[in-house]
Structure formats: C-alpha cells, structure tokens
Amino acid sequence: MTTTVTVSPAGRPQPWAQLPAAISDIIGPVLPDLVETIVDNIPREIVEYARPLDGEFGAAVRRGVEVALHRLLLELPGTDQPAFTPEAQAVYRALGIGEARTGRSLEALLSAYRLGSRLSLRSVSEAAIEAGVDSRVLMHLGEALFIYFDEISAASVEGYAEEQSRQVGQRDRARAALLNALLAPRSDEVEVRQLAARAGWTIPDRLIAIVLPLDNAEGLRLRLGERSLGAARGGQAVAVAPEPQSARARRELELALAGRSAWLGPGRPWTAVSESLKATMAAVGVPPVAEPRWVVEHTVEVMVAAQRDLVAELARRRLAPLDDLGEGQRERLLETLESWLRWRGERKKIADELHVHPQTIGYRLGQLRELFGEVLEDPQARFELELVLRARA
C-alpha cells in the first residue's frame with residue numbers, strides 16, 4: 001500500500017497526512033466494536049467513573065468516543081486538515097467543562113483519553129496487520145493516534161480551565177457582595193444568608209474586622225484562608241475573619257498578618273461586624289508599626305487618633321504655660337511632666353526613667369509648679385495633661 005502525503009502550506013504536514021486514505025476502508029469495520037470496548041472499559045479502569053455510564057454523562061462519553069474515532073480514522077487519513085472541526089472541538093471542551101462543574105479533577109478524564117488511545121491503537125493495529133499494511137504505515141498510524149488524543153486532551157483542559165475561571169469569578173463576586181452586606185451599618189440578615197450560600201461561605205457566629213494599608217495586602221487572602229473575606233474599601237484593605245477562640249488561634253492570626261501594619265478590631269456577632277470595622281478604621285490614624293495590633297489593647301491611642309482636632313485644641317489650651325519657653329527647655333519640661341504624671345510624683349522613678357539626678361528632677365518640678373500653678377493639683381487637669389502628652393508621643 002503506497003502513501004500519499006498532502007503537505008500543509010506551512011510545510012509541516014499533520015501526522016494523519018502520512019496515512020493512505022485507503023486505511024479508512026480497512027479500519028472502518030472495527031469502529032463500532034472499538035467504541036463499545038472503550039465505553040465498557042472506562043468504568044472498569046478509571047476509579048472516578050466506576051459506575052454505569054448512563055444518563056447525560058454516559059451519552060456525553062459515548063459521543064466523545066464516537067466523534068474522536070470517526071474523525072481520526074475515517075475523515076483525516078491522507079489529509080492535512082486540523083484535528084477538529086469547531087463542532088468536534090466543542091464536544092471535548094464540553095467534557096472538560098462538565099468535569100469542572102462536578103468538582104472532579106481533570107486527571108480522571110485525561111486517564112480515560114489515555115485508555116481510549118491505548119485500546120484504539122491495539123484494535124486498529126490488529127486490523128491493519130491482518131490486511132497486510134506496511135509497517136511504516138503502522139508507525140504513522142500510532143503517531144497519529146497519540147497526537148490526536150493529545151489534541152483532544154488539550155481541548156478538554158481548555159474547557160476545564162475556562163469553567164474554573166468562570167466559577168472563581170462568580171464566587172469572588174459573591175464574596176465581595178457578601179462582604180459589603182456584612183459591613184453595611186444595618187445588615188439584612190436574609191440577604192447575608194443568601195449571599196453566603198451563593199459564595200459557599202459558612203457564617204461564623206462572631207467576626208472581627210481587619211484593616212491594613214493597601215500596599216501591604218498582597219497575598220492577604222492566601223494568608224488568611226478561605227474563612228476570611230476581603231476587599232479594598234475606603235482607601236484601605238479591609239477583611240473580616242472569625243474571632244479567634246483560643247490563644248493558639250489568636251497567635252496564628254497574628255503570624256498571618258506579621259509585617260503588614262494591620263489593625264484587628266474587637267469581636268462582634270456577625271450581625272454587628274460593622275461596629276468592629278468602625279472601631280478598627282478609627283485606628284488608621286495611629287502611626288503604623290510592622291506588627292499587627294488589637295484595637296482593644298490600644299484604646300487610648302485609637303480614641304486620640306480618631307479625635308485629633310479636639311486633642312490638638314486641648315493640648316494648645318493645657319500646654320499654653322510653656323509657649324514662651326525655648327524649644328530645648330520646653331521639651332525637657334514636657335518629658336518631665338509626663339513622667340511625673342505617670343509615676344505620681346515619685347522622684348526616684350522619674351529620675352531613673354529620664355536618666356538624670358533626682359535633684360535635677362526637683363529643679364524641673366519647681367519650674368513646672370511655677371508655670372502651671374494650681375492646675376497641677378486639679379485631678380481633671382492632670383488627666384487632660386496626661387492625655388495630650390501621650391497623644392504627643
């Protein structure tokens with residue numbers, strides 16, 4: 001049997017172009033039995049398909065086998081046509097899409113293709129040998145089979161990937177809508193539950209809000225895991241996560257946020273997580289540090305940051321007695337006053353903290369009493385002074 005090769009315009013013939021067109025007449029009679037053999041062996045050899053291939057799935061598998069064998073062994077030999085018509089390609093894309101929708105990995109389908117390739121090679125080779133086909137034609141036949149089934153696999157991989165991407169996009173949109181609903185000042189419980197079901201997200205009993213700079217949010221979702229929700233909001237990266245219920249869980253969350261300058265809000269029932277966000281957003285004005293901080297452990301700093309204008313006005317009024325001093329003297333008296341308020345007048349502790357002699361502290365305190373007068377005896381005034389001095393730090 002002679003071989004006629006039709007070369008493509010690019011000068012690189014398809015592998016089936018090496019086959020004589022007459023090979024189809026030899027192989028054609030074995031195709032019905034080959035289809036049945038492949039369909040029967042798939043559930044026997046592929047664990048994921050170990051069930052009767054009936055219904056819609058079974059019909060799709062049978063159609064896939066029939067289209068593949070008919071196209072490769074009856075239509076393509078002796079031609080330089082591409083592997084698929086658009087209709088045929090759609091069949092294998094649809095099989096990949098179907099696997100993604102069932103939640104299976106693609107490996108089962110690719111294993112079925114490898115099985116089909118192996119069984120096809122055995123069956124058509126036996127038929128060709130019985131007909132006295134030249135060994136070189138058998139070689140080309142084997143090459144055509146393997147390359148064709150690779151093309152089928154590629155079409156299914158493409159369909160699988162596109163379906164996964166579509167599902168991820170839908171889920172991400174649902175998660176974003178869920179986060180917005182949770183953080184609304186008055187969340188609609190019915191809407192939140194519906195969105196959570198659509199996003200495949202189990203609502204924890206209690207949540208915390210997490211806020212960090214957008215520049216530090218890269219990879220945050222991976223670090224926090226699927227139990228969290230996150231998005232850009234108000235110029236910050238905002239997330240909600242289950243409130244840690246143990247010291248270990250708390251530490252794991254802190255490790256996940258290490259180096260990100262994150263603020264972690266107080267725990268609230270999921271219906272009131274917007275309150276946690278409100279408290280956490282108030283902390284954004286506090287000077288950042290690399291490690292995560294809990295709002296409840298820095299309440300005064302957060303409150304001061306949230307009311308900067310009022311605190312500044314209070315500072316101008318309470319620290320006015322120092323306005324006429326030089327910068328160096330003013331700073332020394334301010335640090336002495338802050339230490340005096342912190343240690344309730346214990347000179348030794350003040351001296352130790354400021355690394356100066358107690359007599360020096362006595363001299364500075366005399367200056368402060370002269371400048372502030374009876375104000376230093378007023379508990380309310382002392383409280384306000386300590387507040388503005390801590391805010392200044």
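**View 1. Pro77 and its contacts in the predicted model.** Setting aside neighbours within four places in sequence, Pro77 contacts Trp16, Leu19, Pro20, Ala21, Ile23, Ser24 and Leu72. The model shown here is predicted. Pro77 sits in the loop between α3 and α4. With a relative accessible area of 6%, Pro77 is buried, because buried means under 20%. Ser187 lies 110 residues from Pro77 in sequence. In space, the C-alpha atoms of Pro77 and Ser187 are 65 Å apart.

**View 2. Tyr148 and the largest nonpolar core.** The largest nonpolar core has 48 residues. Within this core, Tyr92 and Tyr148 touch the most other members. Six helices, α1 (23-27), α2 (31-45), α3 (55-75), α4, α5 (107-130) and α6, each supply at least two of the core's residues. The most come from α6, which gives 10 residues. Tyr148 touches Trp16, Val67, Ala68, Arg71, Leu72, Leu76, Ala83 and Phe84, with residues up to four places away in sequence not counted. A second, separate core has 22 residues, including Leu334, Leu354, Leu365 and Phe372.

**View 3. Helix α2 against helix α3.** The axes of α2 and α3 come within 10 Å. They cross at roughly 140°. The two helices are therefore oblique to each other, because roughly antiparallel takes an angle over 145 degrees. The crossing of α2 and α3 is right-handed. On the α2 side, the contact residues are Leu31, Leu34, Val35, Glu36, Ile38, Val39 and Ile42. On the α3 side, they are Val61, Arg62, Val65, Glu66, Leu69, Leu73 and Leu74. This contact has 11 nonpolar residues, three charged and no polar ones.

**View 4. Helix α4 across helix α6.** Helix α4 spans residues 86-102, and helix α6 spans residues 135-183. Their axes come within 7 Å and cross at roughly 45°. That angle makes α4 oblique to α6. The crossing of α4 past α6 is right-handed. From α4, the contact takes in Gln89, Tyr92, Arg93, Leu95, Gly96, Ile97, Glu99, Ala100 and Arg101. Partners in α6 include Ile152, Ala155, Ser156, Tyr160, Glu163 and Arg166. By class, the contact of α4 with α6 holds seven nonpolar, six polar and seven charged residues.

**View 5. Helix α5 alongside helix α6.** The α5 and α6 axes come within 10 Å, with a crossing angle of roughly 160°. The pair is therefore roughly antiparallel. Helix α5 passes α6 in a right-handed crossing. Contact residues in α5 include Leu109, Leu110, Tyr113, Gly116, Leu121, Val124 and Ile129. Those in α6 include Leu138, Leu141, Leu145, Phe146, Phe149, Ile152 and Val157. The contact of α5 with α6 has 14 nonpolar and seven polar residues, and no charged ones.

**View 6. Trp201 in its loop.** Trp201 lies in the loop between α7 (189-199) and β1 (206-213). Its relative accessibility is 5%, so Trp201 counts as buried. Leaving out neighbours within four places in sequence, Trp201 is in contact with Arg175, Leu178, Leu182, Ala196, Leu207, Glu226, Arg227, Ser228 and Leu229. Trp201 and Tyr113 are 88 residues apart along the chain. Their C-alpha atoms are separated by 35 Å.

Terms used
Residues numbered from 1 in each chain as written. Predicted model: local features only at pLDDT ≥ 70, side-chain atom pairs only at ≥ 80, totals over all residues. Heavy atoms only, no water. Axes fitted to C-alpha atoms, helices over the stretch in contact; angles between N-to-C directions. Helix = DSSP H or I, 4+ residues; strand = E, 2+ residues; numbered from the N terminus. Parallel < 35°, antiparallel > 145°, perpendicular 65-115°, else oblique. Left-handed = near helix turned anticlockwise from the far one by under 90°. Contact = heavy atoms within 4.5 Å. Nonpolar A, V, L, I, M, F, W, Y, C, P; charged D, E, K, R; others polar. Core = buried A, V, L, I, M, F, W, Y, C linked by side-chain atoms within 4.5 Å. Buried < 20%, exposed > 50% of the residue type's maximum accessible area, 1.4 Å probe, protein only.
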